[in-house]
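Hello,

Here is the structure I said I would pass on. My notes on its charged pairs and its nonpolar cores follow below.

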Amino acid sequence: MSKFFSDLAKGLKPYVPGEQPKDKKYIKLNTNENPYPPSPRVIKAIRDAANSDLRLYPDPECDDLRQTVAECYGLDKKQVFVGNGSDEVLAFCFGAFFAGKKILFPDITYSFYPVYANLYGVAYEAVPLNENFEIIKEDYYKKNGGIVIPNPNAPTSRYLDIEKIEDIIKSNKDSVVIVDEAYIDFGGESCISLINKYPNLLVIHTLSKSRSLAGLRIGFAFGSEELMDGLNRVKNSFNSYTIDRIALAGASEALKDSTYFEETRKRIIETRDKTMEALKALNFEIIDSKANFIFISHKAFEAQILFQKLRERGILVRYFNKPRINNFLRVTIGTDIEMETFIKVLNNILVE
Ligand code: PMP
């Protein structure tokens with residue numbers, strides 16, 4: 001390791017994102033992106049923003065966007081925080097609420113949580129999911145300095161009923177409970193409705209998945225004014241202008257175009273359900289999904305080998321070589337045509 005690195009940099013264990021290949025064109029089902037383009041209204045807003053005052057700094061408070069978001073979800077603007085992707089929002093959360101404490105999150109979950117914990121000196125206990133990859137709410141009643149629950153969970157795609165989440169929030173009034181709802185628009189019920197009831201609840205959203213804007217980098221935290229203050233303290237000690245003028249303009253339009261949003265998310269849910277049926281016919285075991293991806297395994301074929309064979313044939317999915325999930329593939333839901341090709345290629349591999 002370089003002698004120039006600080007002790008902090010030496011101790012980091014960075015996150016490894018899914019592949020963004022440049023060697024050839026793949027059917028890309030590996031990073032939970034949306035197969036449909038963003039709303040045409042977003043593109044127009046971005047064009048207009050590019051032609052306006054880019055020589056000026058953007059609004060550091062993101063006031064207009066926060067107002068749009070607040071109206072969209074029936075919140076007050078003061079209950080909304082905007083970040084450069086929900087990854088940045090999560091990083092600020094770890095800094096604002098968890099540094100120096102010991103937190104709980106599931107053993108199988110989004111792999112950025114342990115990375116942020118390491119960066120901010122947060123101790124954590126990885127609480128095991130049960131054998132069906134379910135979160136057991138009672139496991140989160142023990143003493144803790146904070147909780148992170150992704151709902152639906154990633155990479156399992158499993159959803160936890162909002163009543164159970166509410167029990168966890170209620171039982172932890174002295175800790176911040178983060179509910180990461182990156183995939184909530186694909187069939188789950190959001191905890192945003194609980195925000196006015198619980199000042200310790202923080203809900204995280206992103207425009208990367210259901211609004212087709214992974215490339216624009218916009219994420220949100222929703223919660224009590226007290227928690228928003230904490231996030232702003234960290235953000236304004238880091239960078240006042242995390243959101244550029246183009247992203248601000250595009251994000252507002254994405255939220256306003258509810259017709260386009262409803263249409264594309266419905267299409268993804270329908271394609272997911274069709275894909276699951278086709279995979280069951282090929283004897284795959286599939287966790288019940290409420291996300292824009294599925295988590296699948298086959299008793300007779302090793303996931304790692306399937307992953308490699310799919311890749312050779314131009315289809316990218318995600319494989320995690322980790323305990324408990326090393327015989328699973330995470331497959332993002334693409335268009336109908338992409339998923340039909342995926343099933344056809346997979347079938348050929350199985351009968352080879
Ligand atoms: N939370 C979860 C559970 C995710 O899977 C992702 C996507 N990798 C994120 C947060 C971050 O998404 P983004 O930074 O694109 O908003």
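Lys170 and Asp167 form a salt bridge, with 3.9 Å between the closest N and O atoms. Please keep in mind that this is a predicted model. Both residues sit in helix α6 (residues 162–170), and because they are three residues apart there, about one helical turn separates them. Lys170 counts as partly exposed, at 41% relative accessibility, and Asp167 is also partly exposed, at 22%.

Some salt bridges share partners: Lys309, Glu312, Arg313 and Glu352 are joined into one network in this way. How many salt bridges are there in the whole structure? The search finds 23. As background, side chains of opposite charge can pair when their charged atoms come close.

Two other pairs can be looked up in the model. Lys142 forms a salt bridge with Glu125, where the closest N and O atoms are 2.8 Å apart. Lys142 belongs to the loop between β4 (123–127) and β5 (147–150), while Glu125 is in strand β4, so this pair ties together parts that are 17 residues apart in sequence. Lys142 is partly exposed, with a relative accessible area of 36%, and for Glu125, partly exposed as well, the value is 26%.

The other pair is Arg55 and Asp53, whose side chains meet in a salt bridge at 3.4 Å, N to O. Is Arg55 buried or exposed? Arg55 counts as exposed because its relative accessibility is 70%, and the cut-off for exposed is over 50%. Asp53, at 31%, counts as partly exposed.

In soluble globular proteins, nonpolar side chains tend to be buried together. The largest nonpolar core here has 50 residues, and Leu65, Leu201, Ile218, Phe220 and Phe222 have the most contacts inside it. Elements that each supply at least two residues of this core include α3 (63–73), β2 (80–83), β7 (201–206) and β8 (219–223). Which element gives the largest share of this core? That is α8, with five residues. Domain 1 (7–37 + 261–350) and domain 2 (40–258) both give residues to this core, so the core lies between them.

Regards

Technical notes:
Residues numbered from 1 in each chain as written. Predicted model: local features only at pLDDT ≥ 70, side-chain atom pairs only at ≥ 80, totals over all residues. Heavy atoms only, no water. Salt bridge = Lys/Arg side-chain N within 4 Å of Asp/Glu carboxyl O. Buried < 20%, exposed > 50% of the residue type's maximum accessible area, 1.4 Å probe, protein only. Helix = DSSP H or I, 4+ residues; strand = E, 2+ residues; numbered from the N terminus. Core = buried A, V, L, I, M, F, W, Y, C linked by side-chain atoms within 4.5 Å. Domains from an automatic or database assignment.
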